[in-house]
Amino acid sequence: MKYTGHRAIQATIHSPALQSSEFKSQLHILFIPLVSTLANSSTPLHCIAYDTQDAIDISVSAVNNSTLDISDIERLAAETISAFFNKLNGPSVRMSLVPLFEYMNKEDKWWPPNLSVDIMKLILNSLQPQYRYLLVSDILHNLDKMKYEDITARDAALTMIVNDILNANISLLGISVLEVLNSLFTILTKSAQHYPFLSAPSNETHGNYHYIVQDNLILSISGLASQPYYDNQLNDMIGYLMSKLRANTSLEIVDNIALHSYRVIVLTCLDYVIKGTRQAIVTGSSEPNINLGGYKVFLDTWNPALPLLCDKNSETRIAFCNSLDDFLRNAVSTVDIEHPNHTPQHALRSHQHDALFVECLLQVMYDWIQRPDFGMMDLLYFYSFLCLLVRKFNVDATIVLVPFMFKIQQLLQNNSITVKSRQLALFTVVIQWFMFIADVYHIQSLSAYMDQFMKDLVKRYPHISHLDLQERVLSSVDYQPFMDNSETKPLNIWLERGEIVEAISKEGGMRDPEDIHGLELESKLFSEWGPKLIIKQDRNSKHLIPLQEPKSIKAKLASPWKDSVVEGSIEDSRKDSIRVENLKEALATPAILNEEDKGESSSSQSTSLNDSQYRPMPDMNALLNELSTSKHDQSTVSLVNPPYKL
């Protein structure tokens, strides 16, 4: 009997009469029995829906059929639900989910979440591709009704469904990425107003619902970032989260959450966006490319949030450092600096986004080291970023960072940083960075100079040898600002800039081919660090276009006035220059020449070029036609034919 009833429902599903004016009433009659059959099954729905057995032969009668069992009925119910949702159009999708949610609420079937999640997966795979995004929209609409002070099993199950949909390997055509991101983030922050963010789950399931909700919302954001929907998607997502960090706010409370806790939520979301794209990083550009159809995330997207490096809350600073460090390490370097070739490759030139990021980062880092609460963790990340910039941008970063490091030394010499222990620590960073440069570019003379200098420094300040600086911050240490004691001595030994610049400019392999003697490189290394130093150096460079982009060098049309002289065309006093005051004369000259060639002009005719008989050309085409040279001119130079000039 049950099998016959499901056969009848399946036949009704395929009937044109289903899409009638009584569609809503038909839904409750037809859909609920199907869901009830699956809900009461002892077999998980995903095993039923994706059974590899042959389809049920509906031509075989159920009467006296000993081969039928309950699994056939369950398979028939799953196939009917799949066929039903495959036939639906846009408005009908949301309407069809209403009886499903009503059944789950009435029968309290939300937890355990296996049934609700599996049914939604079945529906997702059954819907036509252009309507799948409506599933996410409808579930988020139901989540908006959540009572945040009392999160239930229904709320937890719905977030698990969203997580599974957004992390499924199915593209949701037509989805509004930023709207979904905003909804997910808003629900996340509202839940954090009543429950600690990602607090450790308790032993009781009821007490874990808030944790499940928050965890699945973050995973949903990660899944949203992992799927390509449009070109600038990841820039928009990261830009949205950067704006939520509120780097320059003076507020202590944001959305009823303490500012630091609010920023921790944003940075956690940001970390998961990066994790969602971590496996998709590819080489071939100076920006970190996300391998989702060639989409890019530009580094200057981070610029609005960089002031957090100087935030008064040390925990906020370190959390932001961790996120930025993780992002930059996913940005694969354009060049292999471990095996450099003879021609330096410039990763910043012609990449405005990168140049703006590096410029902004260095300015913030300079202010960062002057904070009175600058501690050991700050120092470790500070050194890590200096090394990362070299790994990422190679020669261009090194040329900018050398003046930056001597700016730090000047800061220490002027006693702008009064804490002596912090002075020594920062000076150690400067020394270690130059040793890093000597090792990366294989500069023997610089390496020898820095080794000897470090030995002399350790003799005067033995405790410096205990400062362990690594390219990557592998573990955290107890955050403590630098403090002086009675044994701390002031600095009185400094690096010689001339020796370092000479070593780098002669042996570092950073010279351009035209800079034979290294004078141009030397002048850049002796530059005074300040705002827009990168732009100033690029303007003075002979190679504004990087060597790795020959296609960007385009041919330009040659000017016929530079390489040839039109006989008798313009007076010697005017030569080739055309200015505002003689523009009318220049335009009128071809007409005079044509008249003289035809022999139609008289000796008494005035040759004044200011005569009113020369009226202006009526349109641009006529103007261009009049700009012709004398027929006696044998020059082959043309405005439309070769030769070209590069």
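This is a predicted model: local features need pLDDT of at least 70, side-chain atom pairs count only at pLDDT 80 or more; totals for chains, interfaces and linings use all residues.
**Exercise 1.** Describe how helix H14 and helix H15 pack, and state which residues meet.

Solution. 
- Step 1: Take the geometry. H14 covers residues 352-368 and H15 covers residues 376-413; their axes are 10 Å apart, at an angle of about 30 degrees.
- Step 2: Name the arrangement. Angles under 35 degrees count as roughly parallel, so H14 is roughly parallel to H15. The crossing of H14 and H15 is right-handed.
- Step 3: List the residues. From H14 come Asp-354, Val-358, Leu-361, Leu-362, Met-365, Tyr-366 and Trp-368. The residues they meet in H15 include Asp-378, Tyr-381, Phe-382, Phe-385, Leu-386 and Lys-407.
- Step 4: Sort by class. The contact of H14 with H15 has 16 nonpolar residues, 3 charged residues and no polar ones.

**Exercise 2.** Carry out the analysis for helix H1 and helix H4: what are the angle, the handedness and the classes of the residues in contact?

Solution. 
- Step 1: H1 (residues 2-13) and H4 (residues 70-86) have axes that come within 10 Å and cross at roughly 15 degrees.
- Step 2: With the cut-off for roughly parallel at under 35 degrees, this makes H1 roughly parallel to H4. The crossing of H1 and H4 is left-handed.
- Step 3: H1 contributes Lys-2, Tyr-3, His-6, Arg-7, Ile-9, Gln-10 and Ile-13 to the contact. H4 contributes Ile-73, Leu-76, Ala-77, Glu-79, Thr-80, Ala-83 and Phe-84.
- Step 4: By class, the contact of H1 with H4 has 8 nonpolar, 3 polar and 3 charged residues.

**Exercise 3.** How many residues of helix H8 are buried, and what covers them?

Solution. 
- Step 1: Check the length. H8 (residues 153-167) has 15 residues and reaches 21 Å from its first C-alpha to its last, close to the 21 Å expected at 1.5 Å a residue.
- Step 2: Count. In H8, 12 of the 15 residues are buried, and the helix is mostly covered. Among them are Ala-153, Arg-154, Asp-155, Leu-158, Ile-161 and Asn-163.
- Step 3: Find the cover. The elements over the buried residues of H8 include helix H5 (90-107), helix H6 (114-126), helix H7 (133-143), helix H9 (177-192) and helix H10 (209-226).

**Exercise 4.** Where in the chain are Pro-112, Arg-246 and Asn-415? Describe the backbone at each.

Solution. 
- Step 1: Pro-112 is in the loop between H5 and H6. The peptide bond from Trp-111 to Pro-112 is cis, with omega near 0 degrees.
- Step 2: Arg-246 is in the loop between helix H11 (233-245) and strand E1 (253-254). Its phi is near 50 degrees, a positive value in a residue other than glycine. Arg-246 is partly exposed, with a relative accessible area of 31%.
- Step 3: Asn-415 lies in the loop between H15 and helix H16 (420-440). Asn-415 is not a glycine, yet its phi is positive, about 60 degrees.

Methods
Residues are numbered from 1 along each chain as its sequence is written. Side-chain values use heavy atoms; hydrogens and water are left out. Axes are lines fitted to C-alpha atoms, for helices over the stretch in contact, and angles run from 0 to 180 degrees between N-to-C directions. Helices (H or I, at least four residues) and strands (E, at least two) are DSSP runs, numbered from the N terminus. Angles under 35 degrees count as roughly parallel, over 145 as roughly antiparallel, 65 to 115 as roughly perpendicular and the rest as oblique. A crossing is left-handed if the near helix is turned anticlockwise from the far one by less than a right angle, and right-handed if clockwise. Contact means heavy atoms within 4.5 Å. Ala, Val, Leu, Ile, Met, Phe, Trp, Tyr, Cys and Pro count as nonpolar, Asp, Glu, Lys and Arg as charged, and the others, Gly among them, as polar. The expected span of a helix is 1.5 Å times one less than its number of residues. Buried means under 20% relative accessible area, exposed over 50%, partly exposed in between (1.4 Å probe, protein chains only).
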